[in-house]
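Please walk through this model with the structure open beside the text.

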Amino acid sequence: MSIGSIIYKLQKKYEHGLYTAYYRDAVRNQILDTQPIANTIDLTCEIHVLTSANDWLNLVWALKTFYHFSQRRYALCIHDDGSLSHEHRQTLQYHFPSARIIDRQKADKNVLTLLRSYPRCLEFRKTNHLSPKVFDFATYLQCDRLLLLDSDVLFFQSPTELLKRIENPDYHLNTVNADVESAYTVEPEVVKSHLGFDLAARVNSGLGLIHKRSLSFDWIEEFLTLPNIIGHFWRIEQTIYALCSSRFGVELLPPAYDVHLEGSINGSPSRHYVGKIRHLMYSEGIQHLVQQRFLKELQQ
């Protein structure tokens with residue numbers, strides 16, 4: 001390896017400081033020394049997550065903080081994006097023994113077959129690696145209520161309002177955390193003129209309650225006719241969730257759940273460490289949890 005390559009690697013490793021590197025590279029793995037979360041069989045709601053070889057360890061943190069602070073045992077379905085190794089899958093199954101882990105090749109066969117009657121959906125599912133968050137989650141969901149949870153969300157206390165909405169049988173809206181700003185591939189005016197409804201602002205697809213009926217493939221096939229909707233690669237899946245939720249009915253979670261790039265945890269039940277602040281997941285989120293004896297409690 002050249003000196004230039006070594007310098008570059010060191011710069012990347014410490015670009016956010018020593019604390020970040022320490023909590024990411026030394027402390028983060030300690031979650032694997034904690035006890036498994038068993039009996040995740042409650043179908044009041046089912047958690048669906050999409051994970052990869054790059055973020056599966058963060059996912060373990062996201063799930064264990066949710067189960068610990070919520071004291072719920074919602075059913076869990078983990079979707080492999082195709083990059084997980086056999087060891088990754090074994091480790092996930094050990095820590096969440098009741099979880100279903102969906103093999104990507106089998107999912108491709110099942111979901112692509114289901115989408116044969118929806119040519120635009122089929123093409124989207126084939127070409128966008130975040131599309132399983134839409135189609136596979138809907139296909140494998142075993143109950144009416146889906147908890148969307150990205151691997152870069154950490155919980156610091158019970159998400160009381162989120163749980164209240166999930167468990168209220170009279171609550172029939174989708175509800176999600178608010179983004180910093182609307183990040184869609186279509187403009188609200190285009191949605192209004194072509195589809196006739198208002199596109200809700202700031203829908204973020206990282207955390208929230210989604211009703212199965214809102215993920216209609218008929219609707220999505222229609223939405224995919226919108227001009228230029230196949231735009232920004234990272235935004236289209238979130239755009240689909242925003243469109244489905246807007247037509248179905250949606251409200252944002254309280255401001256304490258908002259995605260925020262500035263400030264700190266500040267008493268919030270959770271924080272979504274999106275790409276721009278991913279480093280804070282380690283230097284702020286995991287550090288805070290360790291100081292609050294989270295790991296110690298899960299090791300007992």
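Helices (H or I, at least four residues) and strands (E, at least two) are DSSP runs, numbered from the N terminus. This is a predicted model, in which local features need pLDDT of at least 70 and side-chain atom pairs count only at pLDDT 80 or more, while totals for chains, interfaces and linings use all residues. Residues are numbered from 1 along each chain as its sequence is written, and side-chain values use heavy atoms, with hydrogens and water left out.

Start at I47, which lies in strand 1. I47 is buried, at 0% relative accessibility. Here buried means under 20% relative accessible area, exposed means over 50%, and partly exposed is in between (1.4 Å probe, protein chains only). Now look across to F137. I47 and F137 are 90 residues apart along the chain, yet their C-alpha atoms are separated by 9.2 Å. A second pair gives another scale.

Next comes the largest pocket. It holds about 1300 Å³ of space. The search runs on a 1 Å grid over the protein atoms alone. A pocket is an open set of points where a 1.4 Å probe fits, with protein on both sides within 12 Å along at least five of seven lines. Lining residues have an atom within 4 Å of a point. Grid points are joined across faces, edges and corners, and the volume is the space filled by probe spheres set on the points.

Which residues lie nearest the centre of the largest pocket? They are D152, W234, V274, G275 and R278, out of 39 lining residues. Two or more lining residues come from each of strand 1 (42–51), strand 7 (203–211), helix 11 (236–248) and helix 12 (278–291). Strand 1 gives the largest share, four residues. By type, the lining divides into 12 nonpolar, 14 polar and 13 charged residues. In this count Ala, Val, Leu, Ile, Met, Phe, Trp, Tyr, Cys and Pro are nonpolar, Asp, Glu, Lys and Arg are charged, and the others, Gly among them, are polar.

Turn to the charged pairs. Side chains of opposite charge can pair when their charged atoms come close. A salt bridge is a side-chain nitrogen of Lys or Arg within 4 Å of a carboxyl oxygen of Asp or Glu. The whole structure has 18 of them.

Take K133 and D150 as one example, with N to O at 2.9 Å. K133 sits in the loop between helix 6 (119–127) and helix 7 (135–140), and D150 in the loop between strand 4 (145–149) and strand 5 (153–155), so the bridge ties together parts 17 residues apart in sequence. K133 is buried at 5% relative accessible area. D150 is partly exposed at 21%.

R202 and D258 form another salt bridge, 3.4 Å from N to O. This pair links distant parts of the chain, 56 residues apart: R202 is in the loop between helix 9 (188–195) and strand 7, and D258 is in the loop between strand 8 (250–252) and strand 9 (270–272). R202 is partly exposed, at 29% relative accessibility. D258 is buried, at 18%. Check the backbone of R202 too. Its phi is positive, about 65°, although R202 is not a glycine.

The side chains of R247 and E222 meet at 2.9 Å, N to O. R247 is in helix 11 and E222 in helix 10 (residues 217–223), 25 residues apart. Both ends are partly exposed: R247 at 25% and E222 at 31%. Elsewhere, R104, D108, R125 and D136 are linked in a network of salt bridges.

N228 is not a glycine, but its phi is positive, near 65°. N228 is exposed, at 68% relative accessible area.

M1, I6, L10, Y14 and L18 make a nonpolar patch of about 560 Å². Patches are made of residues with over 30% relative accessible area and no salt bridge; like charges are joined within 9 Å, and nonpolar side chains (Val, Leu, Ile, Met, Phe, Trp, Tyr) within 5 Å. Accessible areas come from the Shrake-Rupley method with a 1.4 Å probe, and for residues only the protein chains shown count as cover. L18, one of the patch residues, lies in helix 2 (residues 18–27). L18 is exposed, at 65%.
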